[in-house]
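Subject: Structure for you to look at

Hello,

Please open the structure below and keep it in view while you read. My notes on it follow.

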Amino acid sequence: MIQSVLPTALTVSDMGRSLAFYCDLLGFRVSVELPPEAERWDSYHHQVCGIPDSQIKVVYLVVPDDATHVELVEYLSPRVDASPRRGLAEPRTALVVLAVEDSAAAVAGLRAAGIEVLSDPVLYTTDEGVSSYTTYFYDPDGHALCLFEVLEST
């Protein structure tokens with residue numbers, strides 16, 4: 001049935017703030033901004049999501065490998081107040097995992113920018129000898145993110 005996983009879409013409250021976080025801080029870059037034809041796009045979105053009179057702005061972000069991307073969606077209408085950030089153990093919490101090469105430097109950069117990071121990179125080695133560092137943090141809208149650095153295979 002499922003052939004692959006396509007882009008992760010995150011609903012954001014402030015596109016400018018999210019672009020600063022994902023592009024300036026994490027190194028994503030803008031690939032496409034939608035809608036090119038707002039009325040047609042909003043009509044399509046209404047049909048897909050069933051949200052009457054919805055108006056959205058969408059920005060596709062790509063990472064350095066150019067093979068993966070994240071979609072940011074801001075609802076211009078209806079505007080909805082953000083709910084409190086979900087804890088990692090709560091149902092309906094999704095985790096976006098980001099591959100990095102130097103998690104210690106990435107964590108230092110996040111902390112220098114005032115981002116709450118839940119721990120220093122944590123080392124884990126599988127029974128198969130694959131070692132990695134993992135670090136969790138949140139974006140400005142409370143989406144859970146993970147830095148994941150594969151170290152070695154033995």
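Ser 18 is buried, because its relative accessible area is 0%; buried means under 20% relative accessible area, exposed means over 50%, and partly exposed is in between, using a 1.4 Å probe and protein chains only. This is a predicted model, in which local features need pLDDT of at least 70 and side-chain atom pairs count only at pLDDT 80 or more, while totals for chains, interfaces and linings use all residues. Residues are numbered from 1 along each chain as its sequence is written, and side-chain values use heavy atoms, with hydrogens and water left out.

Ser 18 sits in helix H1, residues 15-25. Helices (H or I, at least four residues) and strands (E, at least two) are DSSP runs numbered from the N terminus. Not counting residues up to four places away in sequence, Ser 18 touches Val 12, Leu 72 and Asp 141; contact means heavy atoms within 4.5 Å.

The chain as a whole

The chain has three helices and eight strands, in the order β-α-β-α-β-β-β-α-β-β-β along the sequence. Its C-alpha atoms fill a box of roughly 55 × 40 × 30 Å, taken along the principal axes. Of the 154 residues in the chain, 32% are buried. Taking contacts between residues at least 6 apart in sequence, 52% join residues at least 24 apart.

Aromatic rings

How many aromatic pairs are there? The count comes to three. Rings of Phe, Tyr and Trp (its six-membered ring) pair if their centres lie within 6.5 Å; planes under 30 degrees apart count as stacked, over 60 as edge-to-face and the rest as tilted.

The rings of Phe 21 and Phe 137 have centres 6.4 Å apart and planes at 45 degrees, so this pair is tilted. The pair links distant parts of the chain, since Phe 21 is in helix H1 and Phe 137 is in strand E7 (residues 130-138), 116 residues apart. Phe 21 and Phe 137 are both buried. For Tyr 22 and Phe 28, the ring centres are 5.5 Å apart and the planes are at 80 degrees, so that pair is edge-to-face. Tyr 22 and Phe 28 are buried too. Ring pairs join Phe 21, Tyr 22, Phe 28 and Phe 137 into a cluster.

Arg 85 lies over the face of Tyr 138, at 3.8 Å from the ring centre. A charge sits over a ring if NZ of Lys or CZ of Arg is within 6 Å of the ring centre and within 35 degrees of the ring normal.

Loops

Pro 78 is in the loop between strand E4 (69-77) and strand E5 (95-99). The peptide bond from Ser 77 to Pro 78 is cis, with omega near -5 degrees. Pro 78 counts as partly exposed because its relative accessible area is 33%. Leaving aside neighbours within four places in sequence, Pro 78 is in contact with Ile 51 and Ser 54.

Arg 92 lies in the loop between E4 and E5. Its phi is near 75 degrees, a positive value in a residue other than glycine. At 72% relative accessibility, Arg 92 is exposed.

Regards
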